[in-house]
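Subject: Handover of a structure, with notes

Hello,

I am passing this structure on to you. Please look at it first and then read the notes below.

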Amino acid sequence: MPASPSTARAINDRLALRLLQHEGPLTAGQLKQLTGLSRPSVADLVERLQGSGLITVVGETGERRRGPNARLYGIVADRAHLAALDVRTEGVSVVVADLLGTQLAEATVPIGGGTGTGRAVERAVALVERTARAGGASRLHTVGVGAPGLIDPAAGDLRDSAGLPTWHRSLVAALTERLPARVLVENETNLAARAEQRDGAAHDRGTFVLLWLGAGTGAAVVLDGTLRRGASGGTGEIGFLPVPGTGGLPSATACDGGFHSLAGSGAVADLAAEHGLKVDPGAGELVAAALVRHAVETGHEPFLAELADRVAIGAASVAAVLDPGCVVLGGEVGRAGGDAFAQRVAERVAVMSPLRTEVRASALGGAAVLRGALLTARDAAQEELFST
């Protein structure tokens with residue numbers, strides 16, 4: 001059945017907004033060409049979107065052209081303000097942005113292991129409020145939160161996870177209570193995968209696995225363009241994967257003895273010490289990432305070869321179960337290893353698995369979580385506003 005006039009208008013409006021989102025400011029003539037609509041329909045569309053406060057005139061095109069046909073229309077970026085949080089065991093990073101994702105302010109606050117739950121939560125929430133004010137956001141529309149641990153797929157909340165600070169779970173509730181905003185929480189590795197697919201190493205892949213190598217280990221699974229979470233939200237908890245070479249087995253409450261014991265930051269640092277590697281990390285740099293970066297720069301083949309063997313066990317295990325065709329080495333360590341280390345891992349996976357698996361280095365590294373959280377907040381806000 002043909003769409004009703006109101007439905008057709010809504011479809012056309014959303015089409016125009018998506019074009020303005022992806023292409024940037026456009027004239028009415030360009031909107032007519034890209035949408036295939038008639039000139040009167042485009043004129044009505046522009047009037048509706050201006051009246052709703054979603055688009056406005058942002059300039060003119062062409063030095064010699066003047067008048068209505070030369071006006072450039074763009075999305076009103078400050079119609080909604082967003083925040084993104086990267087919640088780590090040792091602190092929180094925040095970015096505040098407008099509706100188009102342009103960053104307006106950012107900040108980080110450390111939270112030590114001895115900080116009580118109430119104090120830690122207050123410090124994190126205060127950081128968000130302070131950063132929002134610094135970015136000129138009097139009110140936040142949507143907040144995206146990336147955190148380690150399991151996310152309950154039904155409730156969308158963080159679940160109790162062994163080894164993680166108790167203030168993590170309390171933070172989401174506090175943000176919801178204190179901020180007049182929608183708060184969305186997602187596992188950090190899943191957000192990193194989203195960012196790598198949108199803006200990073202997996203931009204041309206609909207199916208891939210992100211193998212997170214940072215302070216801890218994890219994996220995110222994207223199949224046919226869809227992020228897979230599993231029945232309990234635990235897809236990708238590769239740190240618990242039983243592997244040879246650890247001298248033990250993981251348990252339901254601790255991943256010691258699993259892949260984490262081979263490729264987590266502590267294991268990387270211990271391996272580097274065995275090879276006599278030392279380095280002074282940069283400010284805020286993960287020690288394991290600094291060690292890998294130094295090894296690549298100096299060509300320390302014995303250390304890199306052994307570490308590649310370890311990482312390949314995780315990558316080959318993923319390939320055997322999912323056959324993704326592509327594994328991205330994410331996190332700070334994956335980014336530090338770069339293409340040279342990714343190639344080493346790829347060569348070892350090719351020996352271990354009959355399934356052809358490309359291995360790529362992260363293009364975003366540790367920044368991927370914050371980027372993914374911002375993309376999540378932006379997409380949710382645009383979906384709500386554009387639908388209205």
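How close do the axes of helix α1 and helix α12 come, and at what angle do they cross? The axes of α1 (residues 5–23) and α12 (residues 368–387) come within 10 Å and cross at roughly 145°. Before the rest, two remarks on the source. This is a predicted model, in which local features need pLDDT of at least 70 and side-chain atom pairs count only at pLDDT 80 or more, while totals for chains, interfaces and linings use all residues. Residues are numbered from 1 along each chain as its sequence is written, and side-chain values use heavy atoms, with hydrogens and water left out.

Helix pairs

Helices (H or I, at least four residues) and strands (E, at least two) are DSSP runs, numbered from the N terminus. Axes are lines fitted to C-alpha atoms, for helices over the stretch in contact, and angles run from 0 to 180 degrees between N-to-C directions.

On the α1 side the contact (heavy atoms within 4.5 Å) is made by Arg-14, Leu-17, Arg-18 and Gln-21, and on the α12 side by Arg-378, Gln-382, Glu-383, Phe-386 and Ser-387. By class, this contact of α1 with α12 has 2 nonpolar, 3 polar and 4 charged residues (Ala, Val, Leu, Ile, Met, Phe, Trp, Tyr, Cys and Pro count as nonpolar, Asp, Glu, Lys and Arg as charged, and the others, Gly among them, as polar).

Helix α4 (residues 117–134) packs against helix α5 (residues 167–178) at an angle of about 45°, with the axes 9 Å apart. That makes α4 oblique to α5 (angles under 35 degrees count as roughly parallel, over 145 as roughly antiparallel, 65 to 115 as roughly perpendicular and the rest as oblique). The crossing of α4 past α5 is right-handed. Residues in this contact include Ala-120, Val-121 and Val-128 of α4 and Trp-167, Leu-171 and Leu-175 of α5. The contact of α4 with α5 divides into 9 nonpolar, 2 polar and 3 charged residues.

Helix α8 (residues 265–274) and helix α10 (residues 301–322) have axes that come within 10 Å and cross at roughly 150°. The two are therefore roughly antiparallel to each other. Here Ala-267, Val-268, Leu-271 and Ala-272 in α8 meet Phe-303, Glu-306, Leu-307 and Arg-310 in α10. By class, the contact of α8 with α10 has 6 nonpolar, no polar and 2 charged residues.

Pocket and cavity

On a 1 Å grid over the protein atoms alone, a cavity is a set of points where a 1.4 Å probe fits but cannot get out, and a pocket is an open set with protein on both sides within 12 Å along at least five of seven lines; lining residues have an atom within 4 Å of a point. Grid points are joined across faces, edges and corners, and a volume is the space filled by probe spheres set on the points.

The second largest pocket holds about 590 Å³ of space. Of its 26 lining residues, Asp-86, Arg-88, Ser-93, Gly-284 and Glu-332 are the closest to its centre.

The largest cavity has a volume of about 40 Å³. Its lining consists of Ile-151, Glu-186, Asn-190, Arg-228, Arg-229, Gly-233 and Thr-235.

Regards

Methods: Left-handed = near helix turned anticlockwise from the far one by under 90°.
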